[in-house]
Amino acid sequence: MTTGAAMRVDAEQLAGMADTRLVRRRRIGATLLNVVVALLVVAAVVELVVNPNFDWPIVARYLFDTNVLEGVLVTLELTVYAMVIGLVLGVVLAVLRQSRSGLARGAAWSYIWFFRGTPVLVQVLFWGFAASLFPRVGIGLPGGLFLVSWDTNAVVPIFAAAVLGLGLNEAAYMAEIVRGGLLSVPSGQTEAARTLGLGHAETLRFVILPQAMRVIIPPIGNQVISMLKMTSVVLVIGVADLLGSVTEIYARNYRQIALLLVASIWYLALTTLLTYGQSRLERRFGRGISRLEDDRA
Amino acid sequence: MPEPALRADPPIVEIRDLHKSFGPIEVLQGIDLTIGRGEVVCLLGASGSGKSTMLRCINHLEQPDRGFVLVDGMLVGGNVRDGRVHEAAPTEVAERRSRIGMVFQQFNLFPHMTVLDNVTLAPVRVKRVGRAAAQAAARTLLERVGLSAKADAYPGQLSGGQQQRVAIARALAMEPALMLFDEPTSALDPELVGEVLDVMRDLAASGMTMIVVTHEMGFARNVATRAVFLDDGLIVEQGPPEQVIGAPTHDRTRAFLAKVL
C-alpha cells in the first residue's frame with residue numbers, strides 16, 4: 001500500500017457504498033492523555049474528600065461568617081475604588097503622553113516609569129507609613145510651611161492609604177493600555193471629526209475613546225480580575241479585607257487551610273462573576289464592528 | 001493705521017503662492033488659484049502631483065509652509081494681528097472648518113455609530129441644534145442621497161457606495177458653504193462608482209461650490225465648470241473641462257490623459 005497505484009479506488013464501488021463519510025482514525029495519544037487526566041482528577045477528588053486536614057465542615061461554617069462577608073465587601077470596595085482611580089488617572093496619563101507639551105509628556109512618562117518600576121507591595125507599605133514621611137498634609141509651600149494643615153493619620157486613614165497605593169499603581173498600567181487603545185483608532189477618524197468642526201475634547205469623547213474602548217476593555221477586564229486578587233497585599237498594612245479577615249480567624253482557631261480555602265472560594269466566585277461581566281461589556285462596545293452582532297441586528 | 005477696506009463678497013477660495021513640503025519633498029511648489037461661488041472645480045493629475053495636499057490645505061488639515069489659503073475671506077488656521085499671522089484658537093479653527101465639508105477616499109464614517117448618529121453628531125455637538133431637529137434634518141439629507149431606509153444601520157453593514165453617500169450627507173449636515181472631495185470614488189468597486197457620482201451631480205446642480213480631486217474624467221467633463229491640472233506641485237493647465245480634457249495644450253496634460261482615458 002505504498003505506491004500511488006495501489007491506493008486507487010474504484011469510483012463505481014465508492015458510489016455504491018451507503019456511507020462515504022470518514023471513519024475517524026484512532027488517536028492513541030489522545031486516548032492515553034484522556035486516561036491519565038481522568039486518573040489525576042479522580043485522585044484529586046478522592047484526596048479532597050478523604051483527607052480530613054481539608055476540614056470541609058470548618059470551611060462550610062466560615063464560608064458565610066459575618067467577618068468573612070465583611071472582608072469580601074472590603075475587598076470589593078478596594079477593587080472598585082482602586083480601579084476607578086486607576087482608570088481615570090490612566091486616561092489622563094495616556095492623553096498627556098500624546099500632549100504637545102514636552103513637559104507634560106515627560107511627567108506622564110516619569111509617573112509610569114516610577115509606579116511600574118517599583119513593587120505594588122512596597123507602594124502600599126509607603127502609603128501605610130505616609131504619616132512618617134509627611135506627618136501633616138495641607139496647603140502651603142514644600143518643606144512644611146503650611147497655611148492650613150491636618151494630621152496625616154486623620155486625613156488618610158489606613159483604608160484610604162490602601163486605595164491610594166493600589167490605585168496609583170494601577171494608573172500606570174492603565175495608562176499604557178489606554179494609550180494602546182487610542183493609537184489603534186485610525187487617524188482618518190480624527191480628521192473626519194476635525195473637518196466636521198469637532199474640537200479636541202469632543203473628538204476624543206465622541207469619536208476616539210468609544211472606538212478605543214473596544215481594544216481597551218479586554219485588557220481592563222484582566223486588570224480588574226488581577227486587581228481583585230492584588231488587593232490582598234493590603235494585609236501588610238492591616239486592612240481587614242477578605243484575606244485579612246480569614247487570617248484573623250485562623251490566628252484564633254489555627255484552621256489555616258480551611259480558612260484559606262474559604263478565601264479562595266470567594267476569590268474564585270468573584271473572578272467568575274467578573275469574567276462574565278467582561279464578556280457582556282465586550283459585546284456592548286463591539287457595536288458596529290462585530291459581524292455576529294450585525295447579523296442579529 | 002486704518003484697516004484696508006475688505007471686499008464685501010470675497011471669492012469662496014483664494015490660494016496664493018501655496019508651498020508645502022513633507023521632509024525633503026516639496027509637494028506644492030507655489031499654487032495660485034481663485035474659485036468663485038457655485039463653481040465645480042475638478043483637480044486632475046497623477047498621484048503625487050499635490051492634488052490631495054492642496055485640498056487638505058484648504059481646510060487646514062495641512063498647514064502651508066509659505067503662502068496662504070483664504071476661505072470666504074478668512075484664514076482657517078490663523079488671524080492677522082500686528083502685521084503677523086497668529087495661530088487661531090482651536091475653537092476658531094473648528095468653527096471655520098465646520099463651514100467646509102469634506103469627503104474622504106476612505107469614507108471615515110464613525111463605525112461605532114448608526115448612520116443617523118453619524119449625520120447628527122456635528123450638528124448636535126458643534127452647532128448645538130436640538131436632537132429632534134437634527135434628526136429630522138438628517139433624515140431629509142439621507143433621503144436626498146437615497147438612503148432613508150438605512151438610518152439605523154451601522155456603517156459596517158453598508159456597501160462602499162452607500163457609506164460614501166452617508167459621508168456626503170454627514171458633511172452636508174453642517175450646511176457648508178464649500179464641499180471638498182478627496183478622490184471620493186477611488187476606493188469603490190466599479191459598479192458602485194455611479195451612485196456616488198449621481199449624488200455629487202445633484203449636489204452640483206443645486207448650486208453647491210465643490211472642489212473635487214478625481215480620476216473620473218467623465219464626471220469632470222460633464223459636471224465641472226473648470227478643470228485644473230496639476231503636475232509636480234504646480235498648476236500647469238486650467239480652463240473649461242472640454243478644453244483641458246478634450247484639447248490639452250500642455251505636454252504633461254496630454255501624457256497624463258493618454259494614460260487615464
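# A guided reading of a two-chain predicted model

Strand β6 of chain B, residues 78-81, pairs with strand β7 of chain B, residues 84-87, in the antiparallel sense over four bridges. Within the pairing, B:N79 stands opposite B:H86 of β7(B). The hairpin formed by β6(B) and β7(B) has two residues between the strands, and B:D82 takes a positive phi near 55° there.

The C-alpha atom of B:V85 is separated from that of B:L109 by 33 Å, although the two residues are 24 apart along the chain. B:L109 is placed in the loop of chain B between β8 (100-103) and α3 (115-125). Is B:L109 buried or exposed? Its relative accessibility is 5%, and because buried means under 20%, B:L109 counts as buried. Residues up to four places away in sequence being left out, B:L109 touches B:N118, B:P155, B:Q163, B:V166, B:A167 and B:R170, and also A:Q189 of chain A.

Chain B also contains salt bridges that can be examined one at a time. B:D17 and B:R66 meet through their side chains in a salt bridge, with a distance of 3.6 Å from N to O. B:R66 lies in strand β4 (residues 66-71) and B:D17 in strand β1 (residues 13-22) of chain B, so this pair ties together parts that are 49 residues apart in sequence. B:R66 counts as partly exposed at 49% relative accessibility, and B:D17 counts as partly exposed at 32%. Another salt bridge joins B:R56 with B:E62, and here the closest N and O atoms are 3.1 Å apart. Both B:R56 and B:E62 are buried.

Over all chains, the count comes to 19 salt bridges. One of them is in chain A, where the side chains of A:D55 and A:R255 meet at 2.6 Å, N to O. Which parts of chain A does this pair tie together? A:D55 lies in the loop between α2 and α3, and A:R255 in the loop between α12 (242-253) and α13 (256-285), so the pair ties together parts that are 200 residues apart in sequence. A:D55 counts as buried at 16% relative accessibility, whereas A:R255 is partly exposed, with a relative accessible area of 33%. Elsewhere in chain A, a network of salt bridges links A:R97, A:E176 and A:R179.

Which helix gives the largest share of the patch? That helix is α2 (residues 28-50) of chain A, from which nine residues come.

Finally, chain A can be viewed through its domains. The domain assignment gives domain 1 (1-50) and domain 2 (57-296). The C-alpha centres of these two domains of chain A lie 48 Å apart.

Key
Residues numbered from 1 in each chain as written. Chains lettered and ligands numbered in written order. Predicted model: local features only at pLDDT ≥ 70, side-chain atom pairs only at ≥ 80, totals over all residues. Heavy atoms only, no water. Buried < 20%, exposed > 50% of the residue type's maximum accessible area, 1.4 Å probe, protein only. Contact = heavy atoms within 4.5 Å. Pairing = 2+ DSSP bridges. Domains from an automatic or database assignment. Salt bridge = Lys/Arg side-chain N within 4 Å of Asp/Glu carboxyl O.
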